[in-house]
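Student: Could you walk me through this one? I have not looked at it before.
Tutor: Gladly; let us open it and go through it piece by piece.

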Amino acid sequence: MTHTFVGMPPFPAAAREALANTQLRHNLAHATAVIRAKRAAVVGEVEDWEGLRRAGAAAKERALLDLETNLLRLEEELTSRGATVHWARDAEEANAIVVGLAQRHGVDEVVKVKSMVTQEIGLNDALVDAGILPWETDLAELIVQLGDDLPSHILVPAIHRNRAEIREIFLRQMAQAGRPAPALLTDEPAALAEAARLHLREKFMRASFAVSGANFAVAQTGTLVVVESEGNGRMCLTLPEVLVSVVGIEKVVADWSDLDPLLRLLPRSSTGERMNPYTSMWSGVTPGDGPQEVHVVLLDNGRTRALADEVGRQALRCIRCSACLNTCPVYERTGGHAYGSVYPGPIGAILNPLMRGPGDPQTDSLPYASSLCGACFEVCPVRIDIPEVLVHLRSRVVDGHRGDRLPTPEAVAMRAASWAFADASRLGLVERASGLSGTVLGRLSRSVLPGGRASAGRLAGPATAWTGARDLPAPPRESFRQWWARTDGGRDE
Amino acid sequence: MSEARGAEFAKWSNEDGTGAGARGEILGRVRAALSDKGYAAQRATAASAAPAPGAPSPTPAQPAVPRRSPLSGSERLELFAERVADYRAIVERCAAAGLEEAVRRAVALADSVLVAPGLPLDIPGARVDDGLTASALDIVDAVVTTAAVAIAETGTIVLDHGSGQGRRAITLVPDRHVCIVRADQVVDDVPDALERLDPRRPLTWISGPSATSDIELTRVEGVHGPRHLHVILVG
Ligand code: SF4
């Protein structure tokens, strides 16, 4: 089972809470605006960005198309280079493998490179249950871990925290985890980074067991790739004697040359840099250099379920750059926690339901956490058509309620939406039509929302779960696209 | 390890022979997941020839990967220097005859200097790495190495940790990294670098000093890796 944030309410309720938190909205709006500008600048430098996107999508698609062959090649190459390959069907199996290896080496702590997949499987909890302390070494992960908080962004898990809050957390918590923060710590980012450097230094120097993920795994050469900024990754991948990398099976690419479009796409889309400060590549064990015992855990945990979905499988191309989060008007207003998963934002809204399957109200609500504006697709470096998958998943949720006597309003709306999205040129048409019906609904509406917008009231049937927590606004007179163009996505409003 | 834990581990670990259950099941799920018609047809075209070990996979209608327009020799070196400097690294150019002098200046303020075995330079007082521990490396002020490849477009140097570059730890723990790049090692862009590199060696791609943008997405140079990167471009 995929790890969810325990007790997390479905998206609409969580979003409403998050919207009330103005500090969070302010932090997020600032951070995402900064990164959008940086991304746009370095993407604009590339002569044929669209061609590069197509090549990136093709490289990942090709790997998925022949996933079995690629996984077997990867295993063979890794094994021949001295690594031990493990296979894990789900989170529990993967955790048991990592915990078992740590116990076999008798360690009571491990250092960790930031990795989405170990968050997904809840590895830290499993390690703690076994009496082993997992130290997060990425700065943002450290902030989340020390703050006893939840990650809210793929790239910068502590994006919801501002410098003053981070200073507070360091002053309060560092001493309990090791070297305390300097007493005169200021909230300058450089000072905070220095405090983290000193705090983690002693952990790196003594570490003997490390856990990482991987951004890419090359089947042809058995090469694992970790992309990072701070050097904490290099510390973990280089200094300890034992290295365990947990790798989702969708991380595999067929050939060495496939790294080319991907390594040009990822840093530009992610941190808005031409290249991230450090990228480490290794293939099994290198005698006399780095860990001499290397394990790779290949993890399914719902990925094959996503792969079986003909429309949804494109989500497995995701390289976790977070560009779709940074550009999403819904994410910018609600933050990452509202999605109740380590994969928030537009990609989370499709990946979580695809990997977990339908049935859970929290997961089922995620495909509705979108206005279908299409901005996520525009920025996605591997051209995942997130709106297409969202519409598809909405109809799947609705299909789960086929027994209902009458088609629900949501079902009708969603069928119309999927018709509209099947052909982009239809979209403008539909928007004009819904603008029209908005004026009709507006007159018939039973209540008025705060801010004076008309409400369409609450819907019946399966949509109740959604509208029960959120008043459904009547379709606006101005379409989302028109509003977006006029206000630059609400930022000028 | 407790007995129950041990048994649990044995159940899932390949080493103990029984992880095969998970392996077989995952591969079976993959096969089943891709059995629909559209994919089956695409696969048939793709799998007409099985790849020889180590050879690239067969390519079903791959779009060409676009490349940047080629740079002339001098443009390439200029762009490389400019892009390295953009990361707030120090970059200087010198002729082969001036290299030794440039390196000495670069480490003039360092109390302790380490070099990788095989570095083709004489640096007075420098110690050649002979497997120092991490803690010993932590009190080294500066390390001097060569590189394998450098990328103009992204301002990146790549180490393959061969002769002159040393094992990975020596260019990681000390606070100042002085890296010597020959002009003929500089290539235009990422795909050119991949063609020159040996994927079976450990590789470290370095673009500027270590940095983080984790606090309000403001870039701060200097976290865990070397806080000072000094690139000397020769020729
Ligand atoms: S879906 Fe695309 S844009 Fe979003 S994180 Fe994944 S690769 Fe990046």
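**Where the two chains meet**

Student: Which strands are joined by four bridges here, and do they run parallel or antiparallel?
Tutor: Keeping in mind that this is a predicted model, strand β9 (residues 278–282) of chain A is joined by four bridges to strand β9 (residues 203–206) of chain B, and the two run antiparallel. Within that pairing, Ser280(A) stands opposite Thr204(B) in β9(B).

Student: What sheet do those strands sit in, and in what order do its strands come?
Tutor: The sheet is an open one of eight strands with mixed pairing, and its order is β8(A)-β5(A)-β6(A)-β9(A)-β9(B)-β6(B)-β5(B)-β8(B). At its edges are β8 (252–253) of chain A and β8 (186–187) of chain B, each of which pairs on one side only.

Student: How many bridges join β5 and β6 of chain A?
Tutor: There are three bridges between strand β5 (residues 216–218) and strand β6 (residues 223–228) of chain A, which run antiparallel, and Phe216(A) stands opposite Val225(A) in β6(A).

Student: Stepping back to the whole contact, how many residues does each chain put in, and what area is buried?
Tutor: Chain A contributes 112 residues and chain B contributes 89 residues, while the area buried between them is about 8,700 Å², with carbon and sulfur atoms giving 56% of that. On the side of chain A, Leu65(A), Arg89(A) and Arg197(A) supply 9% of the area that this chain buries against chain B, more than any other three residues.

Student: What does Arg89(A) pair with?
Tutor: Arg89(A) forms a salt bridge with Glu25(B), in which the closest N and O atoms are 2.6 Å apart. Between chain A and chain B the count is 14 salt bridges, and there are also 33 residue pairs in polar contact, both residues being at pLDDT 80 or more.

Student: Which helix of chain A gives the most to that side?
Tutor: Helix α10 (residues 189–206) of chain A gives the most to the side that touches chain B, with 11 residues. By class, that side of chain A has 51 nonpolar, 26 polar and 35 charged residues.

Student: And over all chains, how many salt bridges are there?
Tutor: A search of the whole structure finds 50 salt bridges. One of them links the side chains of Arg31(B) and Glu68(A), at 2.9 Å from N to O.

Student: Why does that pair join two chains?
Tutor: Arg31(B) lies in helix α2 (residues 20–33) of chain B, whereas Glu68(A) lies in helix α4 (residues 67–80) of chain A, so the pair joins two chains.

Student: Changing topic, what is around the ligand?
Tutor: The residues surrounding the ligand include Cys318(A), Cys321(A), Cys324(A) and Cys380(A), along with Arg320(A) and Ser322(A). By class, the shell has 10 nonpolar residues, one polar and one charged.

Student: Last one: which strands make up the parallel sheet in chain B?
Tutor: Six strands form that open sheet, in the order β1-β12-β7-β4-β2-β3, and the edge strands are β1 (90–94) and β3 (127–128) of chain B. β1(B) pairs with strand β12 (residues 228–234) of chain B in the parallel sense over five bridges, and Cys94(B) stands opposite Val234(B) in β12(B).

Note on methods:
Residues numbered from 1 in each chain as written. Chains lettered and ligands numbered in written order. Predicted model: local features only at pLDDT ≥ 70, side-chain atom pairs only at ≥ 80, totals over all residues. Heavy atoms only, no water. Near = heavy atom within 4 Å. Nonpolar A, V, L, I, M, F, W, Y, C, P; charged D, E, K, R; others polar. Contact = heavy atoms within 4.5 Å. Buried area = accessible area lost by both parts, 1.4 Å probe. Salt bridge = Lys/Arg side-chain N within 4 Å of Asp/Glu carboxyl O. Polar contact = N/O pair within 3.5 Å; in protein donor to acceptor, adjacent residues only side chain to side chain. Pairing = 2+ DSSP bridges.
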